[in-house]
Amino acid sequence: MKLLEEYLKKLNIPYDNTTIDKFSKYYELLIHYNKMFNLTSITEKEEVIIKHFVDSLYGYQFFKKNNRVVDVGAGAGFPSIPLAIVLSDVNFTLIDSLNKRINFLNIVKEELNLSNITAIHTRVEDFCSKNRNTFDISTARAVASLPTLLEYLIPLLKVNGKAICYKSLNVENEIAMCDNAFKKLYCKLENKYDYNIEDNFRSIVIVKSIKECNKCYPRSGNKPKTKPLL
């Protein structure tokens, strides 16, 4: 875990031996359950550290104490589990539509003793109907193109809340397609943060909610994906 420690120092993230032990255990659980749950195609240790752990941790600077965060399409727990390990004073709700992934996340929660996460088996449309305008931050990684993603993330936010979207570096084309989504969802682009991890070029796109979103969003019937707000 030397490479992880190097990046924790680089990102000014406080850590101790317990932190490193939790990341080591997380890696072991990911590999052990991957064959059963089909969690990731990336399994080599250094690649997991770079492409999953460190990539998730690059968002560390955008989270504040006592934030309520929802991770949509949480999958194997990226970015929320790495962030929850180093941000014990931030509350993370992880949602996913596949129950096997939620089962894995609950195993991770128990094994790593992460009291600041809750994993829920649900579709985002159903979850949003009961949790609209609730969260300070909504986040997602490798879920959908930006116009679709914003329709899932923005309705969950309080006014002035932020959607933190982990994307590849070529996200400019997706941002250019978001004018209608910004207008319909009452949000605006606040920042785009580019970074490089061992020649893996990445971006975090931050979109701010500026007004309560219309209750018709997110649309049902998979429309955010099949008919995005272009």
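This is a predicted model: local features need pLDDT of at least 70, side-chain atom pairs count only at pLDDT 80 or more; totals for chains, interfaces and linings use all residues.
View 1. Residues are numbered from 1 along each chain as its sequence is written, and side-chain values use heavy atoms, with hydrogens and water left out. The second largest pocket holds about 150 Å³ of space. Look for Phe-62, Lys-64, Asn-67, Asp-136, Ile-137, Asn-160, Gly-161, Lys-162, Ile-164, Glu-190 and Ile-206 around it. Strands S4 (135-141) and S5 each give two or more residues to this lining, and S5 gives the most, with four. Here a pocket is an open set of points on a 1 Å grid over the protein atoms alone, where a 1.4 Å probe fits and protein lies on both sides within 12 Å along at least five of seven lines; a lining residue has an atom within 4 Å of a point. Grid points are joined across faces, edges and corners, and the volume is the space filled by probe spheres set on the points.

**View 2. The largest pocket has a volume of about 630 Å³.** Of its 28 lining residues, the closest to the centre are Gly-73, Asp-96, Arg-101, Ala-142 and Val-143. Strand S2 (91-96), helix H6 (124-131) and strand S5 (157-168) are the elements that give two or more residues to the lining of the largest pocket. These names follow DSSP runs numbered from the N terminus, with helices (H or I) of at least four residues and strands (E) of at least two. The lining of the largest pocket divides into 11 nonpolar, nine polar and eight charged residues.

**View 3. Strand S5 pairs with S4 and with S7.** S4 and S5 run parallel and are joined by six bridges; two strands count as paired if DSSP finds at least two bridges between them. Phe-135 stands opposite Leu-157 of S5. With strand S7 (residues 200-209), S5 pairs in the antiparallel sense over seven bridges, and Ile-164 faces Ile-206 of S7 as its opposite number. Is Gly-161 buried or exposed? Gly-161 is buried, at 4% relative accessible area; buried means under 20%, exposed over 50% and partly exposed in between, using a 1.4 Å probe and protein chains only. Gly-161 and Arg-68 are 93 residues apart in sequence, with 9.9 Å from C-alpha to C-alpha.

**View 4. Two β-α-β units can be followed through the model.** One is right-handed and runs through S4, helix H7 (residues 146-153) and S5. A crossover is right-handed if, with the strands pointing away from the viewer, the path from the first strand over the helix to the second runs clockwise. In H7, eight of the eight residues are buried, including Leu-149, Leu-150 and Tyr-152. The other right-handed unit is made of S2, helix H5 (residues 99-112) and strand S3. Five bridges join S2 to S3 (residues 117-121), and these strands run parallel; Ile-95 has Ile-120 of S3 as its bridge partner.

View 5. Pro-218 lies in the loop between S7 and helix H10 (223-226).

**View 6. Glu-198 and Asp-199 have positive phi values.** Glu-198 has phi of about 50° although it is not a glycine, and Asp-199 has phi near 70°. Glu-198 is in the loop between strand S6 (187-197) and S7, where Asp-199 is also found. Glu-198 is partly exposed, with 43% relative accessible area, whereas Asp-199 counts as exposed at 62%.

How values were computed. Ala, Val, Leu, Ile, Met, Phe, Trp, Tyr, Cys and Pro count as nonpolar, Asp, Glu, Lys and Arg as charged, and the others, Gly among them, as polar.
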